[in-house]
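User: I would like to go through this model with you and ask, at each step, what a given description rests on.

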Amino acid sequence: MAAKKTVDVTAAPGASAVSTARGGVADTAPEQLAVRPGEDPWTPEEVAEAKAELEGEVARIHAELTASETALTGLMRDSGDGAGHDEADTGTKNITREHEMALAANARATLEQTEHALQRLDAGTYGLCEVCGKPIGKARMQAFPRATLCVEDKQKQERRG
Ligand SMILES: [Zn+2]
């Protein structure tokens with residue numbers, strides 16, 4: 001009866017948090033991802049959600065780019081044989097092609113950002129500002145899963161234009 005106090009203390013001291021960490025969903029332990037002071041740590045579900053959203057985005061943009069390339073190929077072919085088209089028609093086609101190319105460039109940039117975000121998720125640097133190294137904030141990452149800058153640095157960047 002007198003030994004009751006010491007019984008619990010003998011439980012293995014080092015094996016506390018390690019055992020439950022493996023959920024099998026994410027590569028990175030969610031609690032390692034950065035949050036702002038006052039925010040709750042990432043849960044495995046939230047990480048899986050962010051990852052699924054980013055992966056869905058990658059698939060969507062790939063499809064978009066394929067469609068865009070098909071459209072561009074058609075537009076290039078159409079404008080290739082200039083004979084037979086009047087000037088206004090050619091002008092319209094050029095605008096369409098430029099518009100299509102701008103869309104594709106945009107999609108490609110978004111794709112890069114999305115893949116970059118996935119890499120950061122795997123590397124465990126997801127949610128850290130790439131300029132100042134401080135946490136971007138979980139709420140912001142959930143609103144903008146591709147964000148690489150904290151609000152302050154994003155605003156500075158936009159001001160520089
Ligand atoms: Zn920053």
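User: How far apart do the end C-alpha atoms of residues 129-153 lie, and what is the helix and strand content of the span?

Analyst: In this predicted model, the end C-alpha atoms of residues 129-153 lie 8 Å apart, and the span is 36% helix and 0% strand. These residues are what UniProt lists, in an unreviewed entry, as "zinc finger region: dksA C4-type". An unreviewed UniProt entry also lists residues 124-158 as "domain: Zinc finger DksA/TraR C4-type", and for that span the end C-alpha atoms lie 26 Å apart, with 40% helix and 0% strand.

User: Why is Leu33 called buried?

Analyst: The cut-off for a buried residue is 20 or more other C-beta atoms within 10 Å of its own, and Leu33 has 23 such neighbours, so Leu33 counts as buried. Leu33 is found in the loop between α1 and α2. Leu33 and Tyr126 are 93 residues apart in sequence, yet 6.3 Å separates their C-alpha atoms in space.

User: What makes Leu33, Ala50 and Ile136 stand out in the largest nonpolar core?

Analyst: That core has 14 residues, and Leu33, Ala50 and Ile136 are the ones that touch the most other members. Helices α2 (44-80) and α3 (87-123) each supply at least two residues of this core, and α2 gives the most, with three residues. In soluble globular proteins, nonpolar side chains tend to be buried together.

User: Which residues does Ala50 touch, not counting residues up to four places away in sequence?

Analyst: With that neighbourhood in sequence left out, Ala50 touches Leu121, Met141 and Pro145, where a contact requires C-beta atoms within 7 Å.

User: How do you know where confidence is lowest and where it is highest in the protein chain?

Analyst: Confidence is lowest in helix α1 (residues 4-7), at a mean of 47, and highest in helix α4 (residues 138-143), at 96. Over residues 2-26 the pLDDT stays under 50, and for this stretch the model has eight contacts beyond four places in sequence. The protein chain averages a pLDDT of 83, with 78% of the residues scoring at least 70.

How values were computed: Residues numbered from 1 in each chain as written. Predicted model: local features only at pLDDT ≥ 70, side-chain atom pairs only at ≥ 80, totals over all residues. pLDDT = per-residue confidence, 0-100. Helix = DSSP H or I, 4+ residues; strand = E, 2+ residues; numbered from the N terminus. Contact = placed C-beta atoms within 7 Å. UniProt positions renumbered as here; feature names shortened; annotations may be inferred. Core = buried A, V, L, I, M, F, W, Y, C linked by C-beta atoms within 7 Å. Buried ≥ 20, exposed ≤ 12 C-beta atoms within 10 Å, placed from the backbone.
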